Amino acid sequence: MNTHQLEIFYHVAKFQSISRAAEALYISQPAVSSQIKKLESAYGVHLIEKNGQGSS
């Protein structure tokens, strides 16, 4: 894990939205999703639950 990934995860949790986290961090939504997936793979955990309204 690097601090950038941790910051991204913090923003996703704070806003409860991948899209809003991407906006706040001035990066693309796919970049946020990619970093979250890397964290999930590295630690073997599921961090984000889809809520059915697009990004969660």
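Which loop does tyrosine 26 lie in? I opened the notebook with that one. Tyrosine 26 lies in the loop between α2 and α3. I am working from a predicted model, so every value here is computed.

**Entry 1**

I looked up the backbone of tyrosine 26. Its phi is near 60°, a positive value in a residue other than glycine. The residue comes just after α2. I then asked about its cover. Tyrosine 26 is exposed, at a relative accessible area of 77%.

I checked glutamine 16 next. Glutamine 16 sits in the loop between α1 and α2. Its phi is positive too, near 55°, and the residue is not glycine. At 61% relative accessibility, glutamine 16 counts as exposed, the cut-off being over 50%. I noted both residues because most residues other than glycine have a negative phi.

**Entry 2: the chain as a whole**

I counted elements. The chain has three helices and zero strands. From the N terminus on, the order is α-α-α. Of the 56 residues, 30% count as buried. I put the accessible surface of the chain at about 3900 Å². Carbon and sulfur atoms hold 52% of that surface.

I also looked at how far along the chain the contacts reach. Among contacts with a separation of 6 or more, 45% join residues 24 or more positions apart.

**Entry 3: helix α1**

At 9% relative accessibility, glutamine 5 counts as buried, since buried means under 20%. I listed its partners, leaving aside neighbours within four places in sequence. Glutamine 5 is in contact with Gln35, Lys38 and Leu39.

Histidine 11 is also found in α1. It counts as buried at 14% relative accessibility. Beyond four places in sequence, histidine 11 is in contact with Gln16, Ala21, Ala24 and Leu25.

I took one distance from it. The C-alpha atoms of histidine 4 and glutamine 35 are separated by 8.7 Å. Along the chain these two are 31 residues apart.

**Entry 4: helix α2**

Which residues of α2 are buried? I found Ile18, Ala21, Ala22 and Leu25. They cover an arc of only 100° around the axis, which puts them on the same side of α2. Their cover includes α1 and α3.

Not counting residues up to four places away in sequence, alanine 22 touches Ile27, Ser28, Gln29 and Val32.

**Entry 5: helix α3**

I checked the length of α3, residues 29-43. At 1.5 Å a residue, its 15 residues should span 21 Å. The end C-alpha atoms are 22 Å apart, which agrees.

I then listed the buried residues of α3. They are Val32, Ser33, Gln35, Ile36, Leu39 and Glu40. What covers them includes α1 (3-15) and α2 (18-25).

What does the other face carry? Turned away from the buried side of α3 are the exposed residues Pro30, Lys37, Ser41 and Ala42. After α3 comes glycine 44, with a positive phi near 60°.

**Entry 6: the core**

Nine residues make it up: Ile8, Val12, Ile18, Ala21, Ala22, Leu25, Val32, Ile36 and Ile48. Each of α1, α2 and α3 supplies at least two residues of this core. Which helix gives the most to the core? I have α2 down for that, with four residues. As background, I noted that nonpolar side chains tend to be buried together in soluble globular proteins.

How values were computed. Residues are numbered from 1 along each chain as its sequence is written. This is a predicted model: local features need pLDDT of at least 70, side-chain atom pairs count only at pLDDT 80 or more; totals for chains, interfaces and linings use all residues. Side-chain values use heavy atoms; hydrogens and water are left out. The expected span of a helix is 1.5 Å times one less than its number of residues. Buried means under 20% relative accessible area, exposed over 50%, partly exposed in between (1.4 Å probe, protein chains only). Contact means heavy atoms within 4.5 Å. The arc is that of the directions from the helix axis to the C-beta atoms. A nonpolar core is a set of buried Ala, Val, Leu, Ile, Met, Phe, Trp, Tyr and Cys residues joined through side-chain atoms within 4.5 Å. Accessible areas come from the Shrake-Rupley method with a 1.4 Å probe; for residues, only the protein chains shown count as cover.
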